[in-house]
Number of protein chains: 2
Amino acid sequence: MTIAKHGAAGEDRREPLTRGRVVDAAIDLADREGIDAVSMRKLGLVLGVEAMSLYTHVQGKDDLLDAMADAVVATIPSEPIDGHWQAQLRHTILGARSTLVGHRWAAQVIGARTSPGPATIRYMDTVAGIMLAGGLSVDLAHHSLHVLGSRVLGFSQDLYDDKSDVDPAATAAMARELSKVFPSVGAIALAASHEGGLGGCDDDVEFAFGLDLIIQGLELQRARAIE
Amino acid sequence: MTIAKHGAAGEDRREPLTRGRVVDAAIDLADREGIDAVSMRKLGLVLGVEAMSLYTHVQGKDDLLDAMADAVVATIPSEPIDGHWQAQLRHTILGARSTLVGHRWAAQVIGARTSPGPATIRYMDTVAGIMLAGGLSVDLAHHSLHVLGSRVLGFSQDLYDDKSDVDPAATAAMARELSKVFPSVGAIALAASHEGGLGGCDDDVEFAFGLDLIIQGLELQRARAIE
DNA sequence: TGCTACGTACTTACACCGTAAGGTCGGTGG
DNA sequence: CCACCGACCTTACGGTGTAAGTACGTAGCA
């Protein structure tokens, strides 16, 4: 009765593939057998489809990995809690970590991506929002984002590529655009695009900032233990 | 006159391959063309050798990657500087970072490895030594190693696998063995094997420790900016 | 000296990978 | 009705890691 696909008898017709189903299946496969087991052929097998059919919903393997990474980040819980900004921040970051721990491949994949997806930016906006609301300066929040990003994700991901082939004006314009949807991240990006010249961040500076933060904290702990 | 290999005319005979030459060439190739360009065939091409010949000196691709990672870590400068432990630590970590920045693929590769090589342990021993000499408790030094490790290498690498199929006694024995060559790391491992029960480290605890260190540091910065 | 054993390098072959190119349906809008 | 289109399949190409088997120069020893 119902419309049959191809040579099927007309009853076991599977529901059509979608980008979401492909990505979800890939995540599932990675969770079960590791990220290396995620190949187009094996993924097709899982979905009862030829490998090449996946390319109608996904541009290529890289696009698939991007989508997987962002989909995982999208599942990070983001309900705010009460309390001062430090408790909020702690809660949010631990939530992110526990999500990533549930997908052991995720941190590695996210780290290999060149630019963050929408969910990732959204998450950064949440974190940035907590810090700005807590009274941290835009500048300090910016540094913190780098430190915490590298803490959670295991690397430091720039919001913009390091490529310097864009002029500051264009970068600033992009940052303004960003602000409409993600005000906190936008504000940070806007500030960075003004001072940094090229809109990028100096990785060396960010690294040293985080390092000094840690060393200073350790000294505090040491002194506290002595006393 | 000299002994010719195979069909060669007798003069252009290349010097024999060694594990070191293979690894060095692989590092060179990765530096120039990225880690993805490092394939057994391409590496063989660079060395004027068939791909399979590499397997005489390297157990497989994984072994090669392990060796590459450890070789890079081995080039981290380790000359101590004068000053208090904080300056020493800062100097050492920044040195490690600048080495890793020179091999952009390295952090990713190290992160994907399952256990650290000798050079990596040696480096950890240097860092641990600075902290212990600086007056940090073994426990605090242990936590710090985790925080700093994940800061430099972009991940948190356990000294032992998480597998709990070894009894505490054996782990402790291994730690004692380790102490002979690497006293500082050994001391930490020994302490961990006593308290942790299974000799492993609780990743969640380590993560929270580092996170709190950072948050506490940020609050300090915030307050300082206000005043 | 001759013979053996071994290490090094080569050849071949296999199963897998990502994906370019093109074919074949069924459903839909003109 | 028909032309189109999107989902799916088929085939094929050049790449990957590596298991297995082979050839050969050298070292050790009789």
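From the N terminus on, chain A runs α-α-α-α-α-α-α-α-α-α. That is ten helices and zero strands. Helices (H or I, at least four residues) and strands (E, at least two) are DSSP runs, numbered from the N terminus. This is a predicted model, in which local features need pLDDT of at least 70, side-chain atom pairs count only at pLDDT 80 or more, and totals for chains, interfaces and linings use all residues. Residues are numbered from 1 along each chain as its sequence is written, while chains are lettered from A and ligands numbered from 1 in the order in which they are written.

**Chain A as a whole**

Chain A has 227 residues, and 37% of them are buried. A residue is buried if 20 or more other C-beta atoms, placed from the backbone, lie within 10 Å of its own; 12 or fewer make it exposed, and counts in between make it partly exposed. Take contacts in chain A between residues at least 6 apart in sequence: 64% of these join residues at least 24 apart. Two residues are in contact if their C-beta atoms, placed from the backbone, lie within 7 Å.

**Two copies**

In the interface, 32 residues of chain A are in contact with 32 residues of chain B. Four helices of chain A each supply at least two residues of the side that touches chain B: α4 (85-101), α5 (106-112), α7 (138-152) and α10 (203-226). The largest share, 13 residues, comes from α10(A). By class, this side of chain A has 15 nonpolar, twelve polar and five charged residues. Ala, Val, Leu, Ile, Met, Phe, Trp, Tyr, Cys and Pro count as nonpolar, Asp, Glu, Lys and Arg as charged, and the others, Gly among them, as polar. The copies meet through the same surface, because 100% of the interface residues of chain A are also interface residues in chain B.

**Two helix pairs**

Two packed helices are described by the angle between their axes and the distance between the axes. Axes are lines fitted to C-alpha atoms, for helices over the stretch in contact, and angles run from 0 to 180 degrees between N-to-C directions.

| Helix pair | Angle | Axis distance |
|---|---|---|
| α4(A) and α6(A) | roughly 165° | within 9 Å |
| α10(A) and α4(B) | about 150° | 11 Å |

Helix α4(A) is roughly antiparallel to α6(A). Angles under 35 degrees count as roughly parallel, over 145 as roughly antiparallel, 65 to 115 as roughly perpendicular and the rest as oblique. The contact of α4(A) with α6(A) has eight nonpolar, three polar and no charged residues.

A:M124 sits in helix α6 of chain A. A:M124 counts as buried because it has 21 C-beta neighbours inside 10 Å. Not counting residues up to four places away in sequence, A:M124 touches A:L145 and A:V185.
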